[in-house]
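Hi,

I'm passing a structure over to you today. Please have a look at it first, and then read on for what turned up.

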Amino acid sequence: MNILDKFNRLANAIQIARIPLLVFGLICFVSIATIVFMSRSHEQDQFLLPGVVGLLWAMSTYAFIATFRIVPEKSDKTWKFTNRLKRNIHRGWYWLVSFTFVGITAIIIFLTTRMLTIWLKEFAG
């Protein structure tokens with residue numbers, strides 16, 4: 001089993017979380033917008049970084065589920081050459097997206113640790 005099949009199984013397993021992720025992402029977005037545009041004091045700034053982190057993870061997880069929920073199967077040796085070529089190109093696109101997704105996830109993990117470090121230093125102690 002390769003990584004595309006694992007991503008497909010994981011996306012189907014957590015597919016039920018799509019709607020709660022949308023709601024959570026919307027709540028984070030609204031809270032960020034409210035703090036940035038309507039806050040007159042710096043008291044609500046402590047909620048800005050957790051809102052950004054929550055929005056990043058909600059968007060990333062939702063994109064993962066939406067992208068890898070349906071992954072084309074491997075081509076069969078009995079198919080015509082053109083059909084196998086089309087299927088391999090289609091799966092190649094998913095391979096490219098999966099590598100991109102792994103890179104973006106690494107960046108989000110880095111940003112999360114940096115933002116939480118700043119938040120803890122600024123507001124927790």
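Ala63 lies in helix α3; helices here are DSSP runs of H or I with at least four residues, numbered from the N terminus. With a relative accessibility of 34%, Ala63 counts as partly exposed (buried means under 20% relative accessible area, exposed over 50%, and partly exposed in between, with a 1.4 Å probe and protein chains only). Arg18 is 45 residues from Ala63 in sequence, and the two are 9.3 Å apart in space, C-alpha to C-alpha.

A word on the source: this is a predicted model, where local features need pLDDT of at least 70, side-chain atom pairs count only at pLDDT 80 or more, and totals for chains, interfaces and linings use all residues. Residues are numbered from 1 along each chain as its sequence is written, and side-chain values use heavy atoms, leaving out hydrogens and water.

Now to the aromatic rings. Rings of Phe, Tyr and Trp (its six-membered ring) pair if their centres lie within 6.5 Å; planes under 30 degrees apart count as stacked, over 60 as edge-to-face and the rest as tilted. The count by this rule is seven aromatic pairs. One of them is edge-to-face: Phe7 and Phe64, 5.3 Å centre to centre with 80° between the planes. Phe7 lies in helix α1 (residues 3-13) and Phe64 in helix α3 (residues 48-68), so this pair ties together parts that are 57 residues apart in sequence. Phe7 and Phe64 are buried.

Phe64 also forms a tilted pair with Phe68, at 5.3 Å centre to centre and 45° between the planes. Phe68 is buried as well. One aromatic cluster is formed by Phe7, Phe64, Phe68, Tyr94 and Phe101.

Happy exploring!

How values were computed. Helix = DSSP H or I, 4+ residues; strand = E, 2+ residues; numbered from the N terminus.
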